[in-house]
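Please look over the sequence and the 3D structure below before reading on. The text that follows leads through them step by step.

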Amino acid sequence: MAEQQEQAAPDAMMTRIGQVVMLHHGGDREEARGRFLDLWGEIGEDGDPLHRCTLAHYLADTQDDPADELAWDLRALSAAEELTDGDAAERHRSLAARAFYPSLHLNLAADYVKLGRSEAARSHLRRARGAAGALGNDRYGDGVRAAIGRLELRLDGTGPSRGGPGEDPGSVEGPGTVERPGPFGGSGGETLGPPRQRP
């Protein structure tokens, strides 16, 4: 019984990460980056893979240098690879580790576009497309699939060559825009995991 209550209890670290995400979405990027780094120091390189995946995913979005953004996104992918479906399901019954991959690979593809590495971008975009079957038929899943399609068009030379000011290569504006996709869906305050870049 105590074990069931423990599993049902909210994850305090995920709650803290979500609070910093809201700070970042509120426009305080520098403060958010500092707080995320403090949380990273608490979690450590060998900490819970779900926490590391989520935090690295969001930390990437606070970076000024595209190479630093890539490094954090690679950390997020590495941590996701340590997760199993059982690990994620312990936190939330609707979660599965495979649902992380469309977003994580999409974000890496966008990073590589920023760095002018189109072949690496295409490779991660193929992985994102291949993993997209794990997405639900909901606003979040539709947003991630649409973002994959837009970035594919851009890399094929048939889409816009550049976004507007401050727009990520994998992002889009318009109706149905959601925050940068992550494995758990949602945006802003409903954060359970890494939603980040607007698809």
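The paragraphs below go from the whole chain to single helices and residues.

This is a predicted model, in which local features need pLDDT of at least 70 and side-chain atom pairs count only at pLDDT 80 or more, while totals for chains, interfaces and linings use all residues. Residues are numbered from 1 along each chain as its sequence is written, and side-chain values use heavy atoms, with hydrogens and water left out.

The protein chain holds nine helices and zero strands. Helices (H or I, at least four residues) and strands (E, at least two) are DSSP runs, numbered from the N terminus. The chain has 199 residues, and 47% of them count as buried. Buried means under 20% relative accessible area, exposed means over 50%, and partly exposed lies in between (1.4 Å probe, protein chains only). The accessible surface of the protein chain is about 9,700 Å², and carbon and sulfur atoms account for 47% of that surface. Such areas come from the Shrake-Rupley method with a 1.4 Å probe; for residues, only the protein chains shown count as cover. Contact means heavy atoms within 4.5 Å. Among contacts between residues at least 6 apart in sequence, 59% join residues at least 24 apart.

Now to the interior. A nonpolar core is a set of buried Ala, Val, Leu, Ile, Met, Phe, Trp, Tyr and Cys residues joined through side-chain atoms within 4.5 Å. The largest one has 47 residues, of which I17, F36, L55, L106 and L151 touch the most other members. At least two residues of this core come from each of helix 2 (12–25), helix 3 (29–43), helix 4, helix 5, helix 7, helix 8 and helix 9. Helix 7 gives the most, with eight residues.

Helix 7 is mostly covered, with 13 of its 14 residues buried. From its first C-alpha to its last, helix 7 reaches 20 Å, close to the 20 Å expected at 1.5 Å a residue; the expected span is 1.5 Å times one less than the number of residues. Just after helix 7, G116 takes a positive phi of about 75 degrees.

Which residues of helix 8 are buried? They are A120, A121, H124, L125, A128 and A131. These residues cover an arc of only 135 degrees around the axis, so they lie on the same side of helix 8. The arc is that of the directions from the helix axis to the C-beta atoms. Their cover includes helix 5, helix 7 (101–114) and helix 9 (139–156). The face turned away from the buried side of helix 8 carries the exposed residues E119, R126 and G130.

Three single residues complete the tour. L77 is in helix 5 and counts as buried because its relative accessibility is 8%. Apart from neighbours within four places in sequence, L77 is in contact with Y101, L104, H105, L108 and H124. The C-alpha atoms of L77 and H57 are separated by 8.4 Å. H57 itself is found in helix 4 (residues 49–61) and counts as buried, at 0% relative accessibility. Its side chain makes a polar contact with the side chain of N107 (3.4 Å). A polar contact is a pair of N or O atoms within 3.5 Å; within protein, one must be able to donate a hydrogen and the other to accept it, and residues adjacent in sequence count only if both atoms are side-chain atoms.

L83 lies in the loop between helix 5 (66–82) and helix 6 (85–91). Is L83 buried or exposed? L83 counts as buried, because its relative accessibility is 9%.
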